[in-house]
Amino acid sequence: AVVSTQSTGEKQVQRVPSQFIDPLISALKYSTKDNAENILSLLGRIRQSTVLSSPKRENIVIGRDRLVKVESHDHSTVIDEYKKIYKFKHPGVGRCTQTGECGFIMRNHWESDNHTRELVTDSDYYKNTGVHYHDVVSARDMFWYGVHTLTLPSGVKLDTVELSGWSWWWRLWLPNGTKHQFKGVYVAYNVSDYMVAK
C-alpha cells in the first residue's frame, strides 16, 4: 500500500510511520547477527528524519475490521478475493448522514507474479458491507502492515511487523526457535496535512 508523503519540490517522498519502524528496532535488538548493529543504526537514522519517517502523533492506526469474501463467477482463477474492511472516520469528514459507518475497503490487485493493495473508491463495491467511503480518504496517506507477536527462546515476547515481500525476516535475524503468532493487519493513516491545514 501507499504510505504518507511529504512534498520536496515536485517529487513525493515516501514517509514510513514510526509505528512500523519501532517494532523492527525492538526486535532487532535481540538479533545475534554480526551486522544487526548496522541495521539498527540505519533504522534509527530513518526514525529521526522528518523527511523519511512520520511521528506517532501524525498517524492514526486502524485495525482491519473484517474480511468479506467476494462472490466470483470466474472459475478460471484460483485466487480468492476478499474485501478488507476498515472502519475509519477521517478528521476531514464533518457530520455524516450516510447509512452505515465511515470507512474504506482495500483489495489485492494481482498482475503476473506481483500484487499490490488498492484503496477501493467505487461506491458499488461498498454495498452490503456496512461501511461507506468518503473521497477525502486517500491511498497516498496510507501505510499497510501486518503484525506478529514473537516469542524468543528466552521467553521474551514482542510485536514486530512484516517486511513487504519478506514476511518471515525474523527466521534469519532472530535466534533459532523463535515462535510467532499472527496478530493483525493495520493501516497507519497520516493526518498531518489535515492537522496543519486546520
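Contact here means heavy atoms within 4.5 Å. The structure is a predicted model, in which local features need pLDDT of at least 70 and side-chain atom pairs count only at pLDDT 80 or more, while totals for chains, interfaces and linings use all residues. Residues are numbered from 1 along each chain as its sequence is written, and side-chain values use heavy atoms, with hydrogens and water left out.

**Confidence**

The predictor's confidence in each residue, pLDDT, runs from 0 to 100; the protein averages 84, and 83% of the residues score at least 70. Helices (H or I, at least four residues) and strands (E, at least two) are DSSP runs numbered from the N terminus. Confidence is lowest in strand β1 (residues 4–8), at a mean of 36, and highest in strand β9 (residues 131–132), at 96. Over residues 1–11 pLDDT stays under 50, although the model has 34 contacts beyond four places in sequence for them. Where pLDDT is low, the predicted coordinates should not be read in detail.

**Nonpolar cores**

A nonpolar core is a set of buried Ala, Val, Leu, Ile, Met, Phe, Trp, Tyr and Cys residues joined through side-chain atoms within 4.5 Å; buried means under 20% relative accessible area, exposed over 50%, and partly exposed in between, with a 1.4 Å probe and protein chains only. The largest core has 22 residues, of which Phe20, Tyr145 and Trp169 touch the most other members. Two or more residues come from each of α1 (18–28), α2 (36–48), β10 (142–151), β11 (157–161) and α3 (170–173), and α1 gives the largest share, six residues. Nine of the 11 residues of α1 are buried, so this helix is largely enclosed by the rest of the structure; among them are Phe20, Leu24, Ala27 and Leu28. Leaving aside neighbours within four places in sequence, Trp169 is in contact with Leu24, Ala27 and Leu28, as well as with Thr160, Val161 and Leu163. A second, separate core of 20 residues includes Val120, Tyr126, Tyr189 and Val191.

With a disulfide taken as a pair of cysteine sulfur atoms within 2.5 Å, the count comes to zero. Cys96 is in no disulfide, and the nearest cysteine sulfur, that of Cys102, is 3.8 Å away, too far for a bond.

Most residues other than glycine have a negative phi. Asn128, in the loop between β8 (114–120) and β9, has a positive phi near 60 degrees.

| Residue | Relative accessible area | Class |
|---|---|---|
| Cys96 | 25% | partly exposed |
| Cys102 | 11% | buried |
| Asn128 | 84% | exposed |
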